[in-house]
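Subject: Structure handover

Hello,

Here is the structure I promised to pass on. Please open it and keep it beside you as you read the notes below.

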Amino acid sequence: MSSSKINIMSEEDSPIWRIKYRPKKLSEIKNLFPKLYEQLKGFIQSNNFPHLMLIGPPGSGKTMIGELIAREILGKEFTMNSKILYADDPIGKAERNESKRQGRVSSKMLGSGAGSQKNFRPFIQIRVRPFVSTKKFGKSPFKILIIKNFHDLDVEQQGFRRIMERYSRNCRMILITDRISSIIDPIVSRCQLLLVPYLPDFKFNKLIKTICDQEKIPIKLDVIEYIRHMSEKNIGKALDLLQITKIKYNELSLDSLSKVYSMITDRGILNLISLTMQGDVKSLRTKVRSIFQNQNLSKDEILFEMSKRIADMPLEPHVQALYLELIANTDFGALDSQSDEIQLLNLLIQMNMIGKMNFN
Amino acid sequence: MEENNIPWVEKYRPQTTKDMVGFEDIISKLQKFLDDFLELQKKYREIKKQLRATSSGSIDRKIDLKFKSIRSKLANKTAAMLIGPPGVGKTTIVYALARDYNLSVIELNASDVRTEEAVNEKLRETVRNTNLLTFTSQKVKGKLILIDEVDGIHGRNDRGGAAAVKKIISISRYPVIMTCNFKDYRRFGDLYKLSSPLLELTPAKPEHISLILKKIVLKEHIEISSEQIKKIAERSQGDYRSAINDLQALVQGTLKIQDDQLDAINMRRDHAGHIQEMMVNFFQQETIKDAKRTLDKIESKDISFNNIGLWLNENIFNFLTKKEELFYGYQNFAFADKILGYIGRTQDYAHLSYYYDILSGGLCFAKLSSNISSRTSKIKANKTKKIKPPKYFRIRAIPDDEISLVLQKLYRAPLNEIMREIRPRIPLLTAVDKEIRQYFAKEFNVDIKKISKVIRS
């Protein structure tokens, strides 16, 4: 349970803004999410709630809200009776061995299906059941399990149907997702859905402004607007961007912000795309290799980021469409492939050829 | 007349280390290695004699301890490894050194079978027994064991060979020098660990080669322009042996050299062995059937069908140069790769023949020019480019190390995101602000001075 151990003191003292300005009490979000606040207040007054599912775009504050609920209900026993899980985290070797030792996972199941892409991941057996099935501590009404990125569990969601019913008296779950469509119906029907939307623009601006005031940094409205746009309304990202700019340039201007933004987000993909459009093939391979090695990106990540970048680029629409189609084709077609480099080079050379063509 | 029959490579092989040009650094290191070893050996023998003298009664504990420490030191210093491409003079250095030190070389090279048994049979006794005569006279030579081309120890044919070599090193009472062409940590990592100086030879510079060629030219009374010598030196790609061989091949018969002769001889030189030849052959084939057969030949020797695509991928730019060619080539390549992936996943080897069809047909005929003869001539021109082995990349698994877990606690984000977004930002955050550095040092539970190191890892 060590992964959910949270030291409240250190959070308030943290010099990292993203951690420092995380709300600590439910009342703090009254102004930000007024409707949601009323609903949650009801839960807390009755000291009870059904399984919850928080739905909303990334960075809108779902995890924070889930944590606040747990904090309000569990009070001092928060650290003992709650746990945050990340559905897309790999299961480490130590954990796997531990569970093997305790006999929770049959050693036969692990490692079977060699060569297949989707390995059996004993997520429920290792992470969920031990927590859910042990009794709560102290006076709190139940345990609370928060699962982030629930949609990433894919097929393993099926296992939750029974668990959610069987242990509901002992433990309530707060499932957090930004992709409701990939969650199976039985789970959706077992939860109460709560929508956590993006903050409205003016509230987002106000939030940033108050934080800047507290840090005693002057900031202008156009800069705030820029930050909102660049961080895609993701509060955490916005704060990171702000703080790094502050540290690096000691001022917040459009110029310095855009520099920091490109520094944070650039991972060689833009360079790769521009090379693809004009450069020769040999340099492409060197570039791909350097990305593999230095940036630690896998083929899938490169493809994903490329598609994102190309969608943003000011290209002719039909060329853009062709590029995106090629990327999608490669990503989908190469599910089985052996060598990432060959597949990527194939794509890049194709894109290179299109770049040379004339569309008249 | 007899001297003409000796290959010049042997005839002009440097006899002592003084004759060698451009190896000062390596030689001095090897000399140090031998000096250290011989000195230790001398001490070892002296103490052993003392021990033997007192063995009947009580053993002096001090001497015993000293004996043991020297023995362990000796064990760590028995082996050296020379790494370098063929023909740069690894073996020559060893022989020259042996002559300097008056040691006799016992050589085990790739032409010998090197199974465990064979290695043991040949070396084990020599390595262990000190010569009977050493006790009687001082003039008898010591020994130097040379295990040539360690990386030629073949997995299948020389079963247990590497392990046997390891054992030989551990029990040897003579210095062992190994040579190999490239580093292969997966197979010979243990051997590298055992050998205390691990020396890497780079391909020789053309200037050095031409210097040696000029010496030979002077002695053999050949008419050759310095430009031609330069040409030979450059084309040998840092390989002394091939350069001298080329020179001899040119000179035999006529003592005057034409330029086109020079070109012809370089066509025949085979740098990276059969793989080079096969690869070139592959791109010269005129029918798919032939191309497939060549591919089969490449496969059967050193490279498994899994790797053949990687080899082709690594070297494809030598053969396909135009954009269109690469376009077609890679399209087929990617498709073949998908088939291979499918085979790997399902173990359905019935589809392997498609893989070969597409790989051979698709790559071989991606070459655009319809005229076969012009095609081949172009490829011939590219032949001088060396075939490289494929590079492997290990693609990262998401690490769940201590730092990531701490960050996860702080940021409440999945490890994937931590790795992708948050960890790269930490150095930026900590760059200037001491307070933040302190904070992270506390969270990571490390010393504040080490924090920058920890973050970067």
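Two aromatic rings of Phe, Tyr or Trp count as a pair if their centres lie within 6.5 Å, and planes between the stacked limit of 30 degrees and the edge-to-face limit of 60 count as tilted. By that rule there are 8 aromatic pairs over all chains. Take Phe43(A) and Phe49(A): their ring centres are 6.0 Å apart and their planes meet at 45 degrees, so this pair is tilted. Both Phe43(A) and Phe49(A) are buried. Ring pairs also bring in Phe142(A), giving a cluster of Phe43(A), Phe49(A) and Phe142(A).

Bear in mind that this is a predicted model.

**Confidence**

Chain A has an average pLDDT of 82, and 87% of its residues score at least 70. In chain A, strand S3 (residues 143-148) has the highest confidence, at 93, and helix H1 (residues 8-13) the lowest, at a mean of 60. Residues 1-9 of chain A have a pLDDT below 50. Residues 106-120 of chain A also stay under 50. Where pLDDT is low, the predicted coordinates should not be read in detail.

**Charges over rings**

Two cases are worth a look. The charged end of Arg71(A) sits over the ring of Phe78(A), 4.5 Å from its centre. The charged end of Lys143(A) sits over the ring of Phe131(A), at 4.3 Å from the centre.

**Where the chains meet**

In chain A, 61 residues contact 49 residues of chain B. About 5,200 Å² is buried between the two chains, and carbon and sulfur atoms give 60% of that. On the chain A side, Ile247(A), Asp336(A) and Ile342(A) lose the most area to chain B, together 12% of what that side buries.

**Salt bridges**

One joins Arg18(A) to Glu417(B), with the closest N and O atoms 4.0 Å apart.

Within chain A, Glu165(A) and Arg162(A) form a salt bridge at 3.8 Å, N to O. They lie 3 residues apart in helix H8 (residues 158-166), about one turn of the helix. Arg162(A) is exposed, at 56% relative accessible area, and Glu165(A) is partly exposed, at 42%.

Lys299(A) and Asp340(A) meet in another, at 4.0 Å. Lys299(A) is buried, at 6%, while Asp340(A) is partly exposed, at 22%.

Best wishes

Key
Residues numbered from 1 in each chain as written. Chains lettered and ligands numbered in written order. Predicted model: local features only at pLDDT ≥ 70, side-chain atom pairs only at ≥ 80, totals over all residues. Heavy atoms only, no water. Buried < 20%, exposed > 50% of the residue type's maximum accessible area, 1.4 Å probe, protein only. Lys NZ or Arg CZ within 6 Å of the ring centre and 35° of its normal. pLDDT = per-residue confidence, 0-100. Helix = DSSP H or I, 4+ residues; strand = E, 2+ residues; numbered from the N terminus. Contact = heavy atoms within 4.5 Å. Buried area = accessible area lost by both parts, 1.4 Å probe. Salt bridge = Lys/Arg side-chain N within 4 Å of Asp/Glu carboxyl O.
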